Amino acid sequence: MKKIAILGSTGSIGTQTLEVVEQNKDMEVTALAAGSNIRLLEQQIRQFRPRLAAVWSEEKAKELRTAVADLDVQVEAGMDGLIAAATEASARIVVTAVVGMIGIRPTIAAIRAGKDIALANKETLVTAGHLIIPLVKEYGVRLLPVDSEHSAIFQCLNGEHGNRISKILLTASGGPFRGRTREQMKDIRVEDALKHPNWSMGQKITIDSSTMVNKGLEVMEAKWLFGVEMDQVQVVVQPQSVIHSMVEFEDGAVMAQLGTPDMKLPIQYALCYPERRLMGGERLDFRKLKEIRFEEPDFENFPGLSLAYEAGKTGGSLPTVFNAANERAVSMFLNRKIGYLTIVDIIESAMARHSVISAPSVDQILEAERETYDYIESRW
Ligand code: NAD
Ligand code: MG
């Protein structure tokens, strides 16, 4: 049995992970953690029978305890609950599918407990990659990418026996506003930005995809996962999302992974690696697919991507400021407190005023996050 803990089980990646578990008889869920949707979490507990479940607030945990009193499941709350789910004794692999840098502590705890990590929660690697990567080596666990681009890169590296990457070609759909100028984006509403052309995902990452901040986070994620420099990661816009990413080697050969856009493939691949298993769903039909188009990313109208390169190249605590400012700004936009273009303005402004700390500890990362939030609160 593959014993799995899922952090963020009620979200887009979390629910798709449970669909994969349903389709694989040798998979079992031992712990589930979610934010506040205890109705869905209760259903999941009834269907998958984990030993442990965690929710964020103590109040919701109490409600959930009453709701599942007939079952043999321990219910925990808060960061302690999230960490308890991440380190549940019988789990071998932890799917990190919470959204945001709240994933740092549980991911570190899971690695220290010897669990393999199926990583969806890119914000953790972006802000704490310099701590996570050495820890993964120290504890001898596997860090398996779930993000579709990084799974593609990981698949392209199969059988390459350490051959050196000369360049990663990270594909991007360009989001729903590709081709627009900033002037044409100033009146964008929440509902416009929540429509992604190819993928159905959680709200935060959908907004991030529209601003290209998601691609910026992914460039930094690739830097840590594959040990390359920021300049070796080149973003290529490929509007149909058919090519999930590519790797160019030193001899000029380019490997690519293609497929229909379905997150269940990278999720299942991470859970079963190195095995590939039968999977339903649509297949690419090259007779119908007449062309695959490529464009250069528009750094001028999507400055979030340039800011990400700056943050990733400078390193230290700057990626934390980039990420924290974005997390807060996106949440303000979703709550209709700021306009669309202000999201990236806030990131730029927060980065400009920050004094970078090199190689920050977890506490310093969380401190930089808090300072960024305080600054944003005082100005917007
Ligand atoms: P989502 O918003 O749909 O789900 C987030 C999950 O995290 C929910 O289960 C929520 O309850 C849980 N959560 C939020 N705050 C929590 C807290 N304080 N404590 C415990 N749980 C909490 O998000 P998503 O789209 O599934 O994305 C999850 C992560 O995966 C993000 O880091 C995202 O960037 C990454 N990712 C998502 C996709 C996708 O297709 N959705 C693709 C690639 C990477
Ligand atoms: Mg992605």
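**Ligand 1 and its surroundings**

Q: What makes the approach of ligand 1 to Gly8 a polar contact?
A: An oxygen atom of ligand 1 lies 3.2 Å from a polar backbone atom of Gly8. A polar contact is a pair of N or O atoms within 3.5 Å (within protein, one must be able to donate a hydrogen and the other to accept it, and residues adjacent in sequence count only if both atoms are side-chain atoms), so this pair qualifies. Taken alone, ligand 1 exposes 820 Å², and the protein buries 87% of that (Shrake-Rupley areas with a 1.4 Å probe; for residues, only the protein chains shown count as cover).

Q: What kind of model is this, and what is left out of it?
A: It is a predicted model, in which local features need pLDDT of at least 70 and side-chain atom pairs count only at pLDDT 80 or more, while totals for chains, interfaces and linings use all residues. Residues are numbered from 1 along each chain as its sequence is written, chains are lettered from A and ligands numbered from 1 in the order in which they are written, and side-chain values use heavy atoms, with hydrogens and water left out.

Q: Which residues are closest to ligand 1?
A: Ligand 1 is surrounded by 23 residues, the closest being Thr10, Ser12, Gly35, Glu123 and Gly202; to be near, a residue needs a heavy atom within 4 Å. Helices α1 and α6 each supply at least two residues of this shell.

Q: How do you know that Glu123 has a polar side-chain atom by ligand 1?
A: A polar side-chain atom of Glu123 is 2.7 Å from an oxygen atom of ligand 1. The side chain of Glu123 also reaches the backbone nitrogen of Gly100, at 3.4 Å. In UniProt, an unreviewed entry places the feature "binding site" at several residues, including Glu123 and Ile13; such annotations may be inferred rather than shown by experiment.

Q: Why is Glu123 called buried?
A: Buried means under 20% relative accessible area, exposed over 50%, and partly exposed in between (1.4 Å probe, protein chains only). Glu123 has 6% relative accessibility, so it counts as buried. Glu123 is found in helix α6 (residues 122–139).

Q: What makes the phi of Arg49 and Met212 worth a remark?
A: Phi is near 50 degrees for Arg49 and near 70 degrees for Met212, positive values in residues other than glycine. Most residues other than glycine have a negative phi. Arg49 has 53% relative accessibility, so it counts as exposed, whereas Met212 at 4% counts as buried.

Q: What is the peptide bond from Tyr273 to Pro274 called?
A: That bond is cis, with omega near 5 degrees. Most peptide bonds are trans.

Q: Why is Lys215 called buried?
A: Its relative accessible area is 6%, so Lys215 is buried. The side chains of Lys215 and Glu218 are joined by a polar contact of 2.6 Å.

How values were computed: Helix = DSSP H or I, 4+ residues; strand = E, 2+ residues; numbered from the N terminus.
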